[in-house]
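Subject: Structure for you, with notes on helix packing

Hi,

Here is the structure I promised to send. Please open it alongside this email.

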Amino acid sequence: MQLNFIFKSFAILIFSSSLFGSKIFGRIHNKHHGVIFNRVEEAIKNNNFKKALNILIKEFKNKRKSSAQYYFLLARIQQENKNNTNALINYTIAIQKDKRNFKAWNNRGLVKGSLKDFKGALTDFSEAINLNKNFEAAYINRGVTYSANLLPNKAISDFNKAIEINPKS
C-alpha cells in the first residue's frame, strides 16, 4: 500500500514538473475548485494522505488545470508523509506561481529546516513575515531556528513578537 502511494506521488511530481511554466495551465478561480481543495485540506487534517492525493490526482487528470494552491496542497501531503525532497520541490513551484503565498514560504522553511538547511529556512521564514507581518507561525518557526543555531537574542525577539500577535501562543 505504501509503495503504491509513493509511486503515485512520484508520478504526480514528474507530471506536474513537466507542466510547470506551461501557458496552458492557469489559476483556478471558481467554486468547484474551492470545494476540491477544501476536500483535500480535510483529508490532510484527518491524516488521510492517500485520499488527499487521490482527490488531487483525479482533479488534475479530469480538469487538466494547475494552480499554486494545487502545488501547495501536494507539497503538504508530501511533507506530512516525510517526503521532504518532493515537498520542497512542490512548495517551490507553488511559490513561483504565487510569490505572495506566505504559507508556502513558511512551510518550505519548515521543510528546509528538516533537511538541515537552516540558512534557507531562515530566509523563507523571513519572507513569510515580510508578506504577512501578523503571521505568528513564521515568527515562532524562525525563533526556533534561531535558537537551534545559537542565536538566542534573535530567537527571543521573534518569540516576543509571536506573543504580541497572539498572547495565547
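Predicted model: local features only at pLDDT ≥ 70, side-chain atom pairs only at ≥ 80, totals over all residues.

Helix 7 first. It has 14 residues. From first C-alpha to last it reaches 20 Å, close to the 20 Å expected at 1.5 Å a residue. Its buried residues are G120, A121, L122, D124, F125, A128, I129 and L131. These pack against helix 6 (102-114) and helix 8.

Next, helix 7 with helix 8. Helix 7 covers residues 118-131 and helix 8 covers residues 136-148. Their axes lie 9 Å apart, at an angle of about 155 degrees. An angle over 145 counts as roughly antiparallel, so helix 7 runs roughly antiparallel to helix 8. The crossing is left-handed. On the helix 7 side, F118, L122, F125, S126, A128 and I129 make the contact. They meet A138, Y139, N141, R142, T145 and Y146 of helix 8. By class, that contact has 8 nonpolar, 3 polar and 1 charged residues.

Then helix 8 with helix 9 (residues 152-165). Here the angle is about 160 degrees, and the axes are 8 Å apart. Helix 8 is therefore roughly antiparallel to helix 9. Helix 8 passes helix 9 in a left-handed crossing. Helix 8 contributes E136, Y139, I140, R142, G143, V144, Y146 and S147. Helix 9 contributes K154, A155, D158, F159, K161, A162 and I165. By class, this contact has 8 nonpolar, 2 polar and 5 charged residues.

Best wishes

Conventions
Residues numbered from 1 in each chain as written. Heavy atoms only, no water. Axes fitted to C-alpha atoms, helices over the stretch in contact; angles between N-to-C directions. Helix = DSSP H or I, 4+ residues; strand = E, 2+ residues; numbered from the N terminus. Parallel < 35°, antiparallel > 145°, perpendicular 65-115°, else oblique. Left-handed = near helix turned anticlockwise from the far one by under 90°. Contact = heavy atoms within 4.5 Å. Nonpolar A, V, L, I, M, F, W, Y, C, P; charged D, E, K, R; others polar. Expected span 1.5 Å × (residues − 1). Buried < 20%, exposed > 50% of the residue type's maximum accessible area, 1.4 Å probe, protein only.
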